[in-house]
Amino acid sequence: MHRCALFLTKRVWQLRPFEPFQSPNFSLYSISSFSLAILSTSPSPFLSSFLHSLSPSSSMAPGIEPLQRSTNGGSVKPDSHLSDDGVSHKSKVTVIGSGNWGSVAAKLIASNAARLTSFHDEVRMWVYEETLPTGEKLTDVINLNNENVKYLPGIKLGKNVIADPDLENAVKHANMLVFVTPHQFVEGICKRLVGKIRGDVEAISLIKGMEVKKEGPCMISSLISQELGINCCVLMGANIANEIAVEKFSEATVGYRENMREVAEKWVQLFSTPYFVLTPVQDVEGVEMCGTLKNVVALAAGFVDGLEMGNNTKAAIMRIGLREMRMISKLLFSSVKDSTFFESCGVADLITTCLGGRNRKVAAAFAMNGGKRSFDELEAEMLQGQKLQGVSTAKEMYEVLNHRGWLELFPLFASVHEICIGHLSPSAIVEYSERKPNFSVIDGHAQ
Ligand SMILES: NC(=O)c1ccc[n+]([C@@H]2O[C@H](COP(=O)([O-])OP(=O)(O)OC[C@H]3O[C@@H](n4cnc5c(N)ncnc54)[C@H](O)[C@@H]3O)[C@@H](O)[C@H]2O)c1
């Protein structure tokens, strides 16, 4: 039995991937700002002739433009994207950063930019220039081989990715900026970009970490917004870059501010693939705090692994860590939602990072060496230029807790930092139970 339904829906092309509206038998026709969507559960002669009667080769009503089907809710190339005055309104994307995750982000974006009409094909990727052991410049090698041989070897980025060592040149035409560098470099990068970017720029941060200022903690998305005067969404999730690079299924969360849902949908469209599924959530701080703090918990999980304490202990550490993550997030930002901790950026990212991430791995080595070899030394030896975020985040979080008189409330976070700097031994990760947090100090706010 054939079924056919008509939906008049404004901006229906912005639906998220995997909405029930998307199926092999689903077509979209836009009528100015309204769209007419025809849904059929199976091929139908009636539907075919109806669609044919609407096709451009038949007598299509003025203003009705067929959109080709796309797997992630956007119309696909080669449609033109010119306004009445002939000006292109395609979005132009620059990725700022080219490490492990930066390169995977560029690959995801490039596949969609090449396919979807609303984006320029070319994706710029700013590369912090390095000379390789061969004497070649990393940028030249990326542009020649279409591969970031240092940070993502063996993976083709897409021919439309152009590596650019000149930051100002890389951003000058872009209206969508993707920030994905280690967090310690962001402030310097933003200062260099002041006055150098377009007026209509939207940004998204994939960066995990925070800056601690005199006034208190400053999340990276806020830093970008403040320095450049632009809106900044965030993308966080259970996303170990190397797994996404080989197209293993995973999910992520896009955090956006009030009234910015449409912008978030555009980011979702830019990153979505059948193997990378994104959910927008109106909670920038919640999403970003999850992404940032899980690295501290991952260090604790690494100590447990290095000391071979077993799975029960590791699960306990993850549970306590999640509780501290939620509590500090809600204490610092009252708008943070509990539901965010159940998204990919929350519990899923915590699990993957505690099982397989670089923070866990280096922390395990630190514990195996009885804390005798420093994190700096192990990072240099084990990560080949990649950066650890957890150690600096643990320090920054410690400063915040100390400043606010909350150290006693967060024994896991406090212990991780004290272990990292050698004031406690790695085994102290399970010895803080006597320091039971006194929640009465915070009037039950975040418990
Ligand atoms: N790798 C992952 O699996 C992953 C997943 C999710 C999020 N992240 C987050 O993404 C962000 C970027 O991580 P990554 O994995 O892409 O980087 P990375 O750690 O793999 O590489 C370090 C990058 O920093 C660059 N760099 C070194 N010195 C610099 C300087 N002075 N100024 C600017 N850049 C400099 C290097 O060229 C390199 O591109 C981090 O916040 C990280 O937490 C990483």
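Q: What should I know before I start?
A: Residues are numbered from 1 along each chain as its sequence is written. Because the model is predicted, local features need pLDDT of at least 70 and side-chain atom pairs count only at pLDDT 80 or more, while totals for chains, interfaces and linings use all residues.

Q: How many helices and strands does the chain have?
A: Helices (H or I, at least four residues) and strands (E, at least two) are DSSP runs, numbered from the N terminus. Here the chain has 15 helices and 14 strands.

Q: What share of the chain is buried?
A: A residue is buried if 20 or more other C-beta atoms lie within 10 Å of its own, exposed if 12 or fewer, and partly exposed in between, with C-beta atoms placed from the backbone. By that rule, 43% of the 447 residues are buried.

Q: Where is there a kink in H11?
A: The bend at a residue is the angle between axes fitted to the seven residues ending there and the seven starting there. In H11 the kink is about 25° and is centred on Leu 350. Leu 350 is also one of the buried residues of H11, which include Cys 345 and Thr 353.

Q: What do the buried residues of H11 pack against?
A: Two residues are in contact if their C-beta atoms, placed from the backbone, lie within 7 Å. For H11 the partners include strand S12 (232-236), helix H9 (284-306) and helix H12 (358-368).

Q: How many bridges join S5 to strand S6?
A: Two strands pair if DSSP finds at least two bridges between them. Five bridges join S5 to S6 (residues 119-126), and the two run parallel. Val 95 stands opposite Met 125 in S6. Strand S5 (residues 91-96) is mostly covered, with five of its six residues buried.

Q: Which residues are closest to the ligand?
A: A residue is near a molecule if its C-beta atom, placed from the backbone, lies within 6 Å of it. The ligand is surrounded by 24 residues, and the closest are Gly 99, Asn 100, Trp 101, Tyr 128 and Ala 241. Helix H2 (residues 100-113) gives the largest share of this shell, three residues.

Q: Which loop holds Glu 247, and what is its phi?
A: Glu 247 lies in the loop between helix H7 (241-245) and S13. Its phi is positive, about 65°, although Glu 247 is not a glycine. Glu 247 counts as partly exposed because 14 other C-beta atoms lie within 10 Å.
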